[in-house]
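Let's take a friendly walk through the aromatic side chains and inner spaces of this protein. Have the model open as you read.

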Amino acid sequence: MAGFGSDELRAAWGAAADDGIGRGLRGPALRRLGGRTDPLAVLGRLFVLGMPEPADALAAAVPRTGLAGLERLGLIVHDPQDGAGLVRPRAIVRPQSFVDDARSPEGAGQWWVASDLDEAAVDGPLPEDHVLGVGGASLTLAGLQLPTPATRVLDLGAGCGIQALRARRYADAVVATDISERALRFTRMNALLNDIDAIDTRAGSLFDPVRGEQFDRIVSNPPFVITPRTPGVPVYEYRDGGLVGDALVEAFVTGVGEHLQPGGTAQILGNWESRDGMPGLDRFREWVDASPVPLDAWVIERETIDPLAYAELWVRDGATLPGTPDHERLIGAWLDDFAARGVDAIGFGYVLLRRPIDGAPTLARYEQAAQPLDPTVPLGAHLAEALAAFDRLSGLDDDDLAAAVLLVAADVTEARHHLPGAEAPSVIELRQGGGLARTLPADPATAALVGACDGDLAVGVLIDAIASLLEADAGDLRTGLLPAVRELVFTGFLRFAD
C-alpha cells in the first residue's frame, strides 16, 4: 500500500506533527506535507488526516485496489459527477506498529486499523455512535495483554478491534463482543485488512453474548467513562457504559469469574470512584471479595484526579470546548452527579484478575503506580513473569527461599544519596529500568544482598555473610530480609537463576 506505514508517515511529516495528530491537530502535518502528490502523502492526507484528495491522485496511489475497491470496502465516497473531482474519506485508516516484547525485536509488526473519522475530520462534535480508533488507552491495554499461549480469548467491548488483533497473536481463536453493531463492522473490517482469521464477532452487553462459555483469557477496554445519566448529556457508545458511576467496572469484576477457565486471567482498564473518604482501591477490593467465583487480583491505580478535572477531560473529549454554550452546562451536570454520590476523586488504572486453579485466592495486591507509564512500551511479558514468580514463591517456605539462587535483573541500578560530608548514605534506592519502572527504598543489608545476587550462592548463604559484615544476628537478619526478597522477585528486581 505505497509504503503506507507508521514509520514512513512519521518521517514524512516529522515527530512533532505526528504527536500532534494524536491530540487532534492535523495542521502541522498538512504543513509539512505541503503540495506533495506522491502516494504516501496522498494516503496520509486522506486516511490519517481525513482530508479529501483528487480522484486521479488516489487512483495512482492504489493501482491494485483502485477507487472501486476502496468504495466496496466502505472507505471512501467517490462521485464521478462531482465537478471538483475529489474523493472523500468515510473512515480513518492508520498504520499501527506493535511489538510483542520491548526487550526483543522479535514479534514486531504493523497493522492497518480503520475507525470513524475523528473530530478534526468531521469538524465538530462526534456522533454518539462514533467508533474510536487506536488511542492511548487501547495501546496501553494491548501492551498489557499477557503474551502467553491461550486457546480462546474474549475481547469484551471490542470497539475497532485492536485488542482482538492483539489477542489473536497468541490465541487460537478470539470472540469479540460489543453493544455497537457499527463497532463490530469495524472489527471485522480490520481483521480483513490485516488478513487475520478466527475472530468471531457477537453483539450484546457485557457477558450476555457468551452466557455459559468460558475462556482462557478475557481482555476489555470497556466504555468505563463515568457520565451523568442526565437528559441533554451526550452518551457516546465508545466510552459510556450506560450505568451510574463506576457500576460498569463493578459488573465486570463481579461477573467475570464464571467466564474464566480455572487458571484463566482477565485484564481490564477502568475508572473507580473514591466516595465519602473511602479510597477507590478499597471499594475495588470489595468488588473482588463479592465475586461469587474466587479471584486473585492485582490492581494498579496509575493516577487519581478530582471531579472537576475529570469533568473537563471528558467534556473536551466530546469536542465541547471552553467558552461554548454547552461547556458550562455539561461541567455542572458532571459535578452534580459526583456530588450526589459523595465522590471526591476518580482513579484510573489497570486490573489483572485470575481464577485460581483450585482453592482460595492467594494474590491480593492493590497498589498505586509511582510514576506514569509509557503506553507504547508493552508490559505484558513483565506481568506474565511476575505472575509466574508469584506462583513459584507461593510454593516456597522461608527455608526453600533461603536455599534458592537468584540473579539481579539486568535493568536494575542503585542510587545512593549522601548528605554533604557524610560517609554513609542517607538514602539508598533500587531502580528498575524496565517493567513498571519502580523505585524501591533499600536499607544497607537489602542493597548488599541485591548486589551479591549473581547466580552463584544461595540467598541464605549471602544473608549469613552480610550479617557477619554488619555484625548483626543472622537469624534476625534472615527474618527481616526474606519478605523483602519475595517482593523483589515478584516485582522483577531479582530472578531465579534457573
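## Aromatic rings and a cavity

Trp287 is buried, with 5% relative accessibility (buried means under 20% relative accessible area, with a 1.4 Å probe and protein chains only). Phe284 is buried too, at 0%. Both residues lie in helix H12 (residues 280–290), three residues apart, about one turn of the helix; helices are DSSP runs of H or I with at least four residues, and strands are E runs of at least two.

This is a predicted model, in which local features need pLDDT of at least 70 and side-chain atom pairs pLDDT 80 or more, while totals for chains, interfaces and linings use all residues. Residues are numbered from 1 along each chain, and side-chain values use heavy atoms, without hydrogens and water.

The count comes to ten aromatic pairs: ring centres of Phe, Tyr and Trp (its six-membered ring) lie within 6.5 Å, and planes under 30 degrees apart are stacked, over 60 edge-to-face and the rest tilted. Two tilted pairs are shown here.

| Pair | Centre to centre | Between the planes |
|---|---|---|
| Tyr236 and Tyr238 | 5.9 Å | 45° |
| Phe284 and Trp287 | 5.2 Å | 45° |

Tyr236 is buried at 4%, and Tyr238 is buried at 17%. Elsewhere, Tyr310, Trp314, Phe338 and Phe348 form one aromatic cluster.

The largest cavity has a volume of about 90 Å³; a cavity is a set of points on a 1 Å grid over the protein atoms alone where a 1.4 Å probe fits but cannot get out, and lining residues have an atom within 4 Å of a point. Its volume is the space filled by probe spheres set on the points, which are joined across faces, edges and corners. Among the lining residues are Trp298, Tyr350 and Gln267.

Methods
On a 1 Å grid over the protein atoms alone, a cavity is a set of points where a 1.4 Å probe fits but cannot get out, and a pocket is an open set with protein on both sides within 12 Å along at least five of seven lines; lining residues have an atom within 4 Å of a point. Buried means under 20% relative accessible area, exposed over 50%, partly exposed in between (1.4 Å probe, protein chains only).
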